[in-house]
Amino acid sequence: MQNTTQQCASCTVHNKKNLERLGIEMEDYNFLIALAGNPNTGKSTVFNYLTGLHQHTGNWPGKTVSRAEGAYIYSSKKYKLIDLPGTYSLLSTSADEEIARDFILFGQPDVTVIVLDATRLERNLNLTLQILEITERVVVCVNLADEAKRHGITVDPKYLSERLGVPVVLASARQGDGMQELLAAVEGVATGEITCKPHRISSLPEEIRKAIEQLSAKIETSFPGLPNSRWIALRLLEGDQRMIEAVGSGELSVLAEALVQSTNVT
């Protein structure tokens, strides 16, 4: 397997592979891809480029928040792409944040693509670091590189990849620049060809680390098979009221099951 820091998100694509946009044809897919990011990062443009769609296709179950889905074929594999609501964090203070958090947490996408605005990296990286605490199967797409260049901003994707521990691709989705590199990076992470080693909080006091371990073990006992028990433990320790209620009522397992089922909703 290749290490992320060695080949940096498949930065060089030696053999250009064909992209086949499938629109809303999403049956029998090989990989499930979540598309996350702050509002106004060009996330929908990335979605439209990959799927050939130009509109939202419904709402999330039980929500008034729009849900966009599409599909594409790349390198003979079929990818189902779900465009999550644009959000600045995963702390569940709004319906959009709750949907994005729950899908990444329980929907178990094969790859989560985080779209960043190259002109506002510092603000965008807050969400990126939160997602890296949940999943290691991530590709970062630094979009709007053309606007960054006009503003005299230089972004080094290799350096970002080394610091974040996941593939980073520089792109301008409106022009299609960097999209072949993005497709290759997603393929690499989805198939396991690219190994991610995401940056995560490591400088926690010993007592907090022990508390997380103990709480994670109790969560796994109470909710067998539930993914990301460590992140849930972190949220409980931070006093996330929504997560406390979900654990106390047993809703957590119902929520996880509903999110898994929702991946098959078109």
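Buried means under 20% relative accessible area, exposed means over 50%, and partly exposed lies in between (1.4 Å probe, protein chains only). This is a predicted model, in which local features need pLDDT of at least 70, side-chain atom pairs count only at pLDDT 80 or more, and totals for chains, interfaces and linings use all residues. Residues are numbered from 1 along each chain as its sequence is written, and side-chain values use heavy atoms, with hydrogens and water left out.

**Exercise 1. Give the strand order of the open sheet and name its edge strands.**

Step 1. Recall the pairing rule. Two strands pair if DSSP finds at least two bridges between them.

Step 2. Read the order. The 7 strands run β2-β4-β5-β3-β6-β7-β8, with mixed pairing.

Step 3. Find the edges. β2 (19–23) and β8 (168–170) each pair on one side only. From one strand to the next, the twist averages 25 degrees.

Step 4. Zoom in on one pair. Strands β4 (residues 68–74) and β5 (residues 77–83) run antiparallel and are joined by 7 bridges. Here glycine 70 stands opposite leucine 81 in β5.

Step 5. Helix α2 (residues 43–51) lies across β2, β3 (31–37), β4, β5, β6 (111–117) and β7 (138–143). Its direction is at about 105 degrees to β2. Axes are lines fitted to C-alpha atoms, for helices over the stretch in contact (heavy atoms within 4.5 Å). Angles run from 0 to 180 degrees between N-to-C directions.

**Exercise 2. Count the salt bridges and trace what three of them link.**

Step 1. Set the rule. A salt bridge is a side-chain nitrogen of Lys or Arg within 4 Å of a carboxyl oxygen of Asp or Glu. The count comes to 8.

Step 2. Take lysine 80 and glutamate 69. Their side chains meet at 3.8 Å, N to O. Lysine 80 is in strand β5 and glutamate 69 in strand β4, 11 residues apart. Both residues are buried.

Step 3. Take glutamate 133 and arginine 230. Their salt bridge spans 2.8 Å, N to O. Glutamate 133 lies in helix α4 (residues 121–134) and arginine 230 in helix α9 (residues 229–237), so the pair ties together parts 97 residues apart in sequence. Glutamate 133 is buried at 9%, while arginine 230 is partly exposed at 30%.

Step 4. Take arginine 174 and aspartate 146. They meet at 3.6 Å, N to O. Asp146, Glu147 and Arg174 form a network of salt bridges.

**Exercise 3. Explain why α9 is called largely enclosed.**

Step 1. Count. In α9, 7 of the 9 residues are buried, so the rest of the structure largely encloses this helix.

Step 2. Name some. Among the buried residues are Trp231, Ile232 and Leu234.

Step 3. Look past the end. Just after α9, glycine 239 takes a positive phi of about 85 degrees.

**Exercise 4. Find where confidence is under 50.**

Step 1. Know the scale. pLDDT is the predictor's confidence in each residue, from 0 to 100.

Step 2. Check the chain. Its mean pLDDT is 83, and 83% of its residues reach 70 or more.

Step 3. Locate the stretch. Residues 4–15 stay under 50. Where pLDDT is low, the predicted coordinates should not be read in detail.

Definitions and conventions:
Helices (H or I, at least four residues) and strands (E, at least two) are DSSP runs, numbered from the N terminus.
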